[in-house]
Protein chains: 2
Amino acid sequence: MSSAAPSSALLDRFAAIVGEKHALREAADLAPHLVENRGLYHGASPMLLKPGSVEEVSAILKLASETGTAIVPQTGNTGLVGGQTPREGSSDIILSLERMNRIRDVDPIGNTMVVDGGCILADVHKAAAEHGRMFPLTLGSEGSCRIAGNLSTNAGGTAVLAYGNMRQLCLGLEVVLPTGEIWNGLRRLKKDNTGYDLRDLFIGAEGTLGVITGAVLKLFPQPLGHQVAFAGIQSVDDALTLFKNASGLCGTALTGFELMPRIGVEFTARNIPGVRDPLETAHPWYVLIDVSTSDSAETAERMMTTLLEQGYEAGLIQDATIASSEAQQKALWHMRESMSDAQKPEGGSIKHDVSVPVAQIPKFMAEAEVAVMAALPGARICAFGHMGDGNIHYNISQPVGADKEEFISRWHDMNKIVHGLVLKHGGSISAEHGIGQLKRDELASIRSDIEMDLMRRIKTAFDPAGVMNPGKVLKV
Amino acid sequence: MSSAAPSSALLDRFAAIVGEKHALREAADLAPHLVENRGLYHGASPMLLKPGSVEEVSAILKLASETGTAIVPQTGNTGLVGGQTPREGSSDIILSLERMNRIRDVDPIGNTMVVDGGCILADVHKAAAEHGRMFPLTLGSEGSCRIAGNLSTNAGGTAVLAYGNMRQLCLGLEVVLPTGEIWNGLRRLKKDNTGYDLRDLFIGAEGTLGVITGAVLKLFPQPLGHQVAFAGIQSVDDALTLFKNASGLCGTALTGFELMPRIGVEFTARNIPGVRDPLETAHPWYVLIDVSTSDSAETAERMMTTLLEQGYEAGLIQDATIASSEAQQKALWHMRESMSDAQKPEGGSIKHDVSVPVAQIPKFMAEAEVAVMAALPGARICAFGHMGDGNIHYNISQPVGADKEEFISRWHDMNKIVHGLVLKHGGSISAEHGIGQLKRDELASIRSDIEMDLMRRIKTAFDPAGVMNPGKVLKV
C-alpha cells in the first residue's frame with residue numbers, strides 16, 4: 001500500500017467538494033461497493049464520493065494527487081477481475097460516477113451520441129432506439145453496467161464479431177487526469193490523424209490513468225433483417241468449419257457466432273427459469289448464429305437458410321431451429337447469456353476468459369479437456385463463448401458432490417493448465433474482462449520485461465503521484 | 001536541432017552494423033531520400049542505413065540512443081507531411097527498411113498475414129490474393145509505399161468506410177524502441193484485454209516512438225459481388241442525402257463513397273492519359289459509389305440498382321453509369337485516384353487533408369468556397385475525397401495564368417481559412433496524412449496544453465534520449 005490513510009480532516013475536504021449528502025461514510029452504505037459480483041475480493045474504504053460534474057471529479061483528483069490519496073473509480077460494479085474494488089485493508093476512496101448519467105446529445109444523422117461516463121448501458125440502448133439507431137455493445141450486465149466502466153475495460157460482449165469492442169465503438173473521450181487536469185477529446189470524427197492516440201490508451205486502462213467522464217459513441221442504423229438460429233453439432237471442429245462458411249457467406253452481416261457445450265445447455269435448462277432445450281435430442285455441441293442485414297429482411301433470411309442447408313448437406317449440422325419471432329430470438333440469446341449464471345447452482349466454478357486465434361480453437365479445446373480432466377477428475381467443463389472472436393469462457397464446474405471450498409482452492413492450478421495452453425497457442429489470458437487485481441501478477445509473469453516497463457513508464461508519466469486505482473493492472 | 005553532427009568515426013560504427021554495402025554516404029545515393037514527393041521539404045543527412053534484420057535495427061537504435069544521434073525512419077518515401085524527410089541542415093541518419101520486405105507468413109484460415117515493416121503494400125495485396133484473400137488498404141502510392149510507413153501514419157485511403165484505417169487492419173506489432181530494445185507484440189488475436197494499448201500508440205506515431213519492423217495484418221475474404229457506379233449530381237447536399245441512403249441500404253457492403261467536383265473530372269480528363277469523362281453531359285458534382293458483397297454477386301447488383309433507381313426518383317441523381325466490367329471499374333477508380341496528380345499540370349496547388357463530421361460537409365464546403373474565393377479570386381477549388389468518412393482533400397489550384405511561386409506563397413493564408421472552418425465544425429486538420437513537419441506547429445496551436453503535454457510525456461517516456469525522428473509531430 002503506497003498511500004497513507006487519509007485523516008478525518010482530509011476526508012472532510014473531499015466531502016466538501018461533492019457536498020456531505022454525496023459523500024458516504026457509513027459502513028452499511030459502503031458495504032455493497034467493497035465487494036464484487038463473484039465475491040473474490042473484499043476491499044476496504046473510508047468513503048465513497050459521488051461527484052455531480054466534471055469539475056467536481058477534477059477537484060477530487062487534484063486533491064488526491066496533492067495529498068497522495070488513492071482513488072478507485074467505480075461505475076456499475078459489474079467488473080469480473082476486481083478492478084473496481086478497493087484494495088483489501090486499504091484506505092482507497094471510491095469515486096462513483098452514478099450521478100453523472102446524462103445522455104448529452106444524440107445525432108442520428110452523424111450517427112453519434114455523447115454521454116456522461118456514468119450512463120447505464122441499457123439507457124444508451126434506449127436513447128439510440130428512440131432515434132431509430134442502435135448501439136451494438138450487448139452484455140449480460142447491461143442493466144447496471146455504465147459506459148465509463150465499459151470503456152475502461154474495453155468491453156466486448158456478443159456483438160464484437162461485426163461491430164468490435166468498445167475501442168471500436170468510441171470516437172472521442174473526456175478524461176479527468178490523476179492531476180485533476182481535464183482532457184477534452186470529445187471528437188466525433190471517423191478520421192483524425194493528429195498525434196498520439198490518447199483515446200485508445202485511456203480505453204482499457206481500467207481506471208489507472210484517469211477517470212473517463214464523457215464519451216462520443218458510434219451509432220448504427222437498426223438492421224432491417226435479423227435471423228437467429230440454434231444448431232446441434234457434433235464437434236468443435238465442425239463449429240469452426242461452420243463459422244468459416246458463415247463468415248464467407250455473410251461477411252459483416254454475421255453478427256454473432258456463439259459456441260456452447262451440451263452441459264451448458266443442460267445447466268441453463270435446469271437452473272434458469274423459463275429456459276428449455278430448443279432441440280428435441282441432445283447434441284455434444286451447439287452454435288447460436290445471428291445474422292443482421294441492412295438492405296432487407298429477405299437477405300438475412302436467405303443467408304440463414306443457405307447457411308443451414310449447406311451445413312446439413314455437408315454433415316456439419318445435425319439439427320437446427322430458426323427463431324420465428326423476436327421473442328424466440330430473445331429466448332435463444334437469453335439461454336446463451338445465462339450460461340454463466342446457470343453454473344452457480346451447480347457449485348463452485350473456476351473461470352477463464354481466454355482467447356486464441358480462431359483457427360486454434362478446436363486444438364486448444366481438445367488439449368485443455370485432456371489436461372483439466374486429468375488434474376481434476378469429475379470436473380464438468382462448461383466452455384462456451386464467442387467462437388467468431390476466438391474468445392472462450394473456459395469455465396469449470398466442480399464435480400457433483402465435491403466440496404466447494406476445496407474445489408475453488410484449485411483455482412490457480414487450473415489457471416496454470418488452461419493459461420499454459422492458451423499461451424502455447426499464442427492466445428490471451430484476458431480476452432475481454434481485463435487484468436484488475438485477479439490477473440495482475442500473472443500478467444507480469446507472461447509479458448516481456450520491456451512490455452511491462454513501457455506500461456509502467458506510461459503510468460508514471462500520467463499519474464506521477466500514483467493515486468489512480470493503484471495496484472490494478474500494474475503493481476507499481 | 002538537439003543532436004550534434006556525428007563524427008566520421010561514429011558514422012563508421014553505424015555502417016559496421018549493416019555492412020558498408022548497405023550504408024550509403026554518397027550525395028547522389030542520398031539525394032532521392034532527402035526530398036519528398038511535393039518538394040516542400042529538403043533535408044540533409046550524412047548517411048542512409050539499410051538494416052537487414054530486426055537485430056540490426058536494434059543495434060542502430062541502441063548506438064543512436066547512447067550517442068545522441070538522431071534517426072529518421074524512411075520506408076516508401078511517399079508521405080505527404082515531411083515526416084520521413086530528414087530535417088533541413090540536419091545530420092539525421094536515415095534508417096531505410098527497404099531490405100526488410102519479407103512476407104513472413106500467410107494464414108488464410110485465421111485470416112492473418114505477418115509481414116516485415118518494409119513490405120511494399122502492393123506485394124501484400126498480391127500475397128493475400130494468392131491465398132484467396134484480400135487486404136483492404138488501397139492507396140494511390142501502393143506500388144511504392146511500405147507497411148511500416150502505412151502503420152506509422154495510420155494510413156486511410158479509399159476503403160476506410162467499410163474496413164477502417166491501418167489501426168483497424170492491424171492485430172499486432174514488432175517494434176524496436178529508441179533504446180534498441182525489441183518489443184514483440186506480434187499477436188494475432190481479435191480480443192486481448194491485457195494492459196495498456198501499446199499497439200495503437202505506435203500506430204500513427206509517425207516513427208517518433210520507435211521503428212515498426214513487423215506487423216500482423218488482418219485479411220478478409222474476397223467479395224463475391226462488386227459494383228462500381230459513377231453518378232452526376234447537383235450539389236454536395238444531394239451527395240450527403242445519397243450517402244445516407246446508400247449507408248442505410250448497404251450497411252458495411254458500402255465499400256466506397258467518393259465525392260468529386262466538375263473541375264476535378266475536367267483536370268483528370270485533360271491531364272491523365274486514358275481518362276475520359278464517363279458521362280455525356282457535365283454535372284456540378286459527382287459521386288463514385290462502390291459496393292462489395294460477400295454472399296453473392298446478385299446482392300451487390302440489387303443494392304446498386306435499387307440505390308440508383310431511388311436516387312433518380314428522388315431527383316438526387318441526374319445521370320449515372322454502372323461499370324460493366326472489372327476494367328471499367330478500375331477505370332472509374334483510376335479517375336478518382338488520379339485527381340491529385342491531375343492537378344500538377346494546372347500549376348501550383350495548395351492542399352488540405354481535413355475531416356469534419358459527415359453531416360457537416362455541405363456547410364463546410366459552402367463556407368470554405370466563399371472564403372477561399374474572396375481571398376484568392378480566380379482560384380480553382382478541387383475539393384474531393386472520402387465523403388463517407390467526412391474526409392475532404394480540399395485542394396486549391398492556382399488561377400489560370402497566375403504565378404506559381406506567388407500562389408504557393410499563400411499556402412499558410414489558405415490553411416488559416418480552411419483549417420479555421422474545419423475547427424469551427426469540430427473537424428481535424430489532418431484526417432489521414434498525419435502531422436510530420438508540415439502541421440507540427442499548427443497542431444500545438446490548436447490543441448490544449450494538457451493534450452500536448454500528455455504527448456510530450458509519452459515521447460519522453462519512450463525516447464529519453466530524443467533520437468527517434470526528432471522534430472516531427474512534436475517540437476520537443
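## Basis of the description

A residue is called buried when its relative accessible area is under 20%, exposed when that area is over 50%, and partly exposed in between, with a 1.4 Å probe and protein chains only. By this rule A:Asp277 counts as buried because its relative accessibility is 19%. The structure is a predicted model, in which local features need pLDDT of at least 70 and side-chain atom pairs count only at pLDDT 80 or more, while totals for chains, interfaces and linings use all residues. Residues are numbered from 1 along each chain as its sequence is written, chains are lettered from A and ligands numbered from 1 in the order in which they are written, and side-chain values use heavy atoms, with hydrogens and water left out.

## The interface of chain B and chain A

In the interface, 76 residues of chain B are in contact with 77 residues of chain A, where contact means heavy atoms within 4.5 Å. The two chains bury about 6200 Å² between them, with 56% of it on carbon and sulfur atoms; buried area here is the accessible area (1.4 Å probe) that two parts lose on being put together, summed over both. On the side of chain B, the residues that lose the most area to chain A are B:Lys191, B:Asn193 and B:Tyr196, together 17% of what that side buries.

The rule finds 14 salt bridges across this interface, a salt bridge being a side-chain nitrogen of Lys or Arg within 4 Å of a carboxyl oxygen of Asp or Glu. It also finds 45 residue pairs in polar contact, both residues at pLDDT 80 or more; a polar contact is a pair of N or O atoms within 3.5 Å, and within protein one must be able to donate a hydrogen and the other to accept it, with residues adjacent in sequence counting only if both atoms are side-chain atoms. Strand S9 (182–185), helix H8 (198–202), helix H9 (236–250), helix H11 (297–313) and helix H17 (449–462) of chain B each supply at least two residues of the side that touches chain A, and H17(B) gives the most, with 9 residues. Helices (H or I, at least four residues) and strands (E, at least two) are DSSP runs, numbered from the N terminus. The residues of that side of chain B divide into 31 nonpolar, 27 polar and 18 charged, with Ala, Val, Leu, Ile, Met, Phe, Trp, Tyr, Cys and Pro taken as nonpolar, Asp, Glu, Lys and Arg as charged, and the others, Gly among them, as polar.

## Salt bridges between and within chains

Over all chains, a search of the whole structure finds 62 salt bridges. One of them joins the side chains of A:Glu181 and B:Arg457 at 3.6 Å, N to O, and crosses from the loop between strand S8 (170–176) and strand S9 (182–185) of chain A to helix H17 of chain B. A:Glu181 counts as partly exposed at 32% relative accessibility, whereas B:Arg457, at 17%, counts as buried. A:Lys191 also forms a salt bridge with B:Glu432, the closest N and O atoms being 2.7 Å apart.

Within chain A, the side chains of A:Arg262 and A:Asp277 meet in a salt bridge at 2.8 Å, N to O. A:Arg262 lies in helix H10 (residues 262–271) and A:Asp277 in the loop between H10 and strand S14 (285–293), so the pair ties together parts that are 15 residues apart in sequence. A:Arg262 is partly exposed, with a relative accessible area of 21%. In chain B, the side chains of B:Lys330 and B:Glu326 meet at 3.5 Å, N to O, in a further salt bridge; these residues are separated by about one helical turn, because they are 4 residues apart in helix H12 (residues 326–337). Both ends are exposed, B:Lys330 at 56% relative accessibility and B:Glu326 at 54%.

## Aromatic pairs

The search of the whole structure finds 12 aromatic pairs over all chains; rings of Phe, Tyr and Trp (its six-membered ring) pair if their centres lie within 6.5 Å, and planes under 30 degrees apart count as stacked, over 60 as edge-to-face and the rest as tilted. A:Tyr163 and A:Phe220 form an edge-to-face pair, 4.9 Å centre to centre with 70 degrees between the planes. A:Tyr163 lies in helix H6 (residues 160–163) and A:Phe220 in strand S11 (residues 220–221) of chain A, so this pair ties together parts that are 57 residues apart in sequence.

The rings of A:Phe202 and A:Phe462 have their centres 5.6 Å apart and their planes at 65 degrees, so this pair is edge-to-face. The pair links helix H8 (residues 198–202) with helix H17 (residues 449–462) of chain A, 260 residues apart. Both A:Phe202 and A:Phe462 are buried, and together with A:Trp183 they form one aromatic cluster.

## The surroundings of B:Ser428

B:Ser428 lies in the loop between helix H15 (411–424) and helix H16 (440–446) of chain B and, at 2% relative accessibility, counts as buried. Not counting residues up to four places away in sequence, B:Ser428 touches A:Leu189, A:Lys191, A:Asp192, A:Asn193 and A:Thr194 in chain A, and B:Asp353, B:Val354, B:Ser355 and B:Val422 in chain B. A polar atom of the B:Ser428 side chain lies 3.1 Å from the backbone oxygen of B:Ser430.
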